[in-house]
Amino acid sequence: MNTRTLLALPLTLTLGLSLAACGGESRPAGFAATLPPPPPLQSAYAAPSATDGAIYSAAQGYAPLYNGNRASQVGDLVTIVLIERTATSKATSGKTSRDGSAGLTLPDFIGIGQEDLSASAGSTFNGSGTAAQTSTLRGDLTVTIAEIRPNGTALVRGEKVLNLSQGEEWVQVSGIIRLADIDQDNRISSIRVADARISYSGKGAVQQAGKPGWLSRFFAAVSPF
């Protein structure tokens, strides 16, 4: 092993460790459950608060009987039914053809034959391409209301984390829903979530096995081909 190889070995190991560290995907933050706001502090000189009855709750204010226990406050739970399915396909084709010829006639006394001054050219191109992708996601995920807006919509977000024997998997959802679309079981379809952000990923031995190694990623990054 020469001196150049000894000097290049630490650099290769450093690059390999850096790429290996980048290969371990971490769970994005910002999807933690939102807690309801704390109740306001009561002063010793404040008027006594109203008491709860069998139907009316002073803490929640007035709610129509048909509204029931539907989620409508910050921190309430909403179950999003994931029924996502997308299918895309694309096909392209092209064909071009071009032919050309040229000739020049000279007098016989010059001594150059007709076949020596003729030229022809032609080109043909045929190309085609197809692409197709199908993805399906089914399941239920309960999230919390993070923000109530004056127009009757709400921002919801939440996540489900599974710690398995071979790694960790998570599902994260955020988006905007209409409070009127929540049914009596506090459920709403994912197709009714606006600006939806749905992420299903993980880390561990199973996820790592489906990715190329750090050395393969290094050569793929520096290869000009």
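**A walk through the core strands**

Ile-177 lies in strand β4, which covers residues 167-178. Before going further, please keep in mind that this is a predicted model, in which local features need pLDDT of at least 70, side-chain atom pairs count only at pLDDT 80 or more, and totals for chains, interfaces and linings use all residues. Residues are numbered from 1 along each chain as its sequence is written, and side-chain values use heavy atoms, with hydrogens and water left out.

Let us step back to the overall layout. Read from the N terminus, the order is α-β-β-β-β-β-β-α-α. Of the 225 residues, 17% are buried, a word that here means under 20% relative accessible area (1.4 Å probe, protein chains only). The protein exposes about 16800 Å², and carbon and sulfur atoms supply 57% of that area, as computed by the Shrake-Rupley method with a 1.4 Å probe.

Now back to strand β4. Ile-177 counts as buried because its relative accessibility is 1%. Leaving aside neighbours within four places in sequence, its contacts (heavy atoms within 4.5 Å) include Val-78, Thr-153, Val-156, Ile-188 and Val-193. Ala-196 is 19 residues away from Ile-177 along the chain, and their C-alpha atoms are separated by 9.3 Å.

Beyond four places in sequence, Thr-153 touches Glu-147, Ile-148, Ile-176, Ile-177 and Arg-178.

Which residues have the most contacts inside the largest nonpolar core? They are Val-78, Ile-80, Val-143, Ile-145, Val-156, Val-173 and Ile-177, in a core of 15 residues. Strands β1 (77-103), β2 (118-148), β3 and β4 each supply at least two residues of this core. A nonpolar core is a set of buried Ala, Val, Leu, Ile, Met, Phe, Trp, Tyr and Cys residues joined through side-chain atoms within 4.5 Å. Ile-80 has contacts beyond four places in sequence with, among others, Val-143, Val-156, Val-173 and Ile-188.

Notes. Helices (H or I, at least four residues) and strands (E, at least two) are DSSP runs, numbered from the N terminus. Buried means under 20% relative accessible area, exposed over 50%, partly exposed in between (1.4 Å probe, protein chains only).
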